[in-house]
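Subject: Structure for you to look over

Hello,

Here is the structure I promised to pass on. Please open it first, then read the notes below it.

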Amino acid sequence: RTDFTEGAASVQTLTPLGTLLSLSATGSDTDTEGIGDIYDGAWTLGIDQPLLRGAGPAVNLVALRQAKNRHAQSAFAFRDSVLEIVTQVELAYWDLVLDYEVLRIRQFAVTLADEQLKRNQTLFEVGKAIEGDVAAARAERASRTADLADAEAAIRRRTLSLIRLLNPGSDDPWQLTFETLDSPEVIETSLDAETSAELAMLYRPDLAQARLDIANADLSLLEARNGRLPRLDVVSRYGRS
């Protein structure tokens with residue numbers, strides 16, 4: 001009767017140079033009745049070094065460098081989204097300021113139309129105007145009232161747009177209203193086209209993403225060129241049992 005136990009383990013790692021290092025070990029214990037235990041063990045150290053295809057850190061770190069570039073692209077994409085939202089909020093705010101100005105104009109126009117209607121009615125009652133003048137004043141007032149309703153609807157639409165952009169914390173955010181405190185002011189600003197272009201090249205997120213796309217494409221080209229090389233490896237093994 002013989003009882004035996006066997007086991008094996010191995011580990012390997014790839015270095016940036018393309019070198020594959022491996023270490024493996026085996027062991028067994030055989031117990032034969034009448035003879036006794038027999039132990040057997042061995043370990044092997046291996047080194048595989050590419051000389052052409054897959055050699056050097058430039059090609060072996062392609063995936064890592066591309067992953068870092070994609071991570072940076074995500075950060076730039078987030079920055080681009082933030083800048084876009086800020087721009088939309090600013091434009092929506094100034095549009096809301098304009099809508100409030102238009103509302104005041106429409107309210108004043110309705111007031112004038114009311115005064116004109118009352119004046120024509122008074123003149124008609126004393127015989128100094130015809131009924132057509134009164135009808136025309138009523139039509140004008142109806143038109144101005146419709147314009148006022150359109151102005152109020154425009155303010156509501158702009159308010160909803162701001163709520164969607166700002167996402168304020170409230171139990172019922174869609175019922176919020178905004179009070180426009182900042183009024184438009186014309187400020188003279190000196191501009192330098194060359195400086196603006198240089199700043200855009202440095203800080204515009206879309207340009208940074210484009211540069212990273214080019215870098216990833218260059219890395220893919222490097223990997224493809226290396227893949228066309230023939231396979232030539234130096235293999236070394238050393239072990240003991």
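D99 and R158 form a salt bridge, with 3.3 Å between the closest N and O atoms. D99 sits in helix α2 and R158 in helix α3, so this pair ties together parts that are 59 residues apart in sequence. Bear in mind that this is a predicted model.

Is D99 buried or exposed? D99 is buried, with a relative accessible area of 11%. The cut-off for buried is under 20%. R158 has a relative accessibility of 28% and counts as partly exposed.

D95 is partly exposed, at 31% relative accessible area.

**The other salt bridges**

How many salt bridges does the structure hold? The count is 10. One of them joins R204 to D206, with the closest N and O atoms 2.5 Å apart. R204 is partly exposed at 39% relative accessibility. D206 is partly exposed as well, at 32%.

**How α2 and α3 pack**

Two packed helices are described by the angle between their axes and the distance between the axes. For α2 and α3, the axes come within 8 Å. They cross at roughly 165 degrees. Angles over 145 degrees count as roughly antiparallel, and α2 and α3 are therefore roughly antiparallel to each other. What is the handedness of the crossing of α2 and α3? This crossing is left-handed.

Look next at G127. This residue is in the loop between α2 and α3. G127 is exposed, with 63% relative accessibility; the cut-off for exposed is over 50%. G127 and A67 are 60 residues apart in sequence, and their C-alpha atoms are 88 Å apart in space.

Where is N167 placed? N167 is in the loop between α3 and α4 (193-203). Phi of N167 is near 50 degrees, a positive value in a residue other than glycine. N167 counts as exposed, at 64% relative accessibility.

**A nonpolar patch**

One surface feature remains. Which residues make the nonpolar surface patch of about 480 Å²? They are V11, L23, W43, L45 and Y238. W43 is placed in strand β3 (residues 36-50). W43 is partly exposed, at 35% relative accessible area. Patch residues need over 30% relative accessible area, and W43 has 35%.

**To recap**

- α2 and α3 are roughly antiparallel, and their crossing is left-handed.
- G127 and N167 are both exposed loop residues.
- The nonpolar patch includes W43, which is in strand β3.

Over to you.

Best wishes

Methods
Residues are numbered from 1 along each chain as its sequence is written. This is a predicted model: local features need pLDDT of at least 70, side-chain atom pairs count only at pLDDT 80 or more; totals for chains, interfaces and linings use all residues. Side-chain values use heavy atoms; hydrogens and water are left out. Patches are made of residues with over 30% relative accessible area and no salt bridge: like charges are joined within 9 Å, nonpolar side chains (Val, Leu, Ile, Met, Phe, Trp, Tyr) within 5 Å. Accessible areas come from the Shrake-Rupley method with a 1.4 Å probe; for residues, only the protein chains shown count as cover. A salt bridge is a side-chain nitrogen of Lys or Arg within 4 Å of a carboxyl oxygen of Asp or Glu. Helices (H or I, at least four residues) and strands (E, at least two) are DSSP runs, numbered from the N terminus. Buried means under 20% relative accessible area, exposed over 50%, partly exposed in between (1.4 Å probe, protein chains only). Axes are lines fitted to C-alpha atoms, for helices over the stretch in contact, and angles run from 0 to 180 degrees between N-to-C directions. Angles under 35 degrees count as roughly parallel, over 145 as roughly antiparallel, 65 to 115 as roughly perpendicular and the rest as oblique. A crossing is left-handed if the near helix is turned anticlockwise from the far one by less than a right angle, and right-handed if clockwise.
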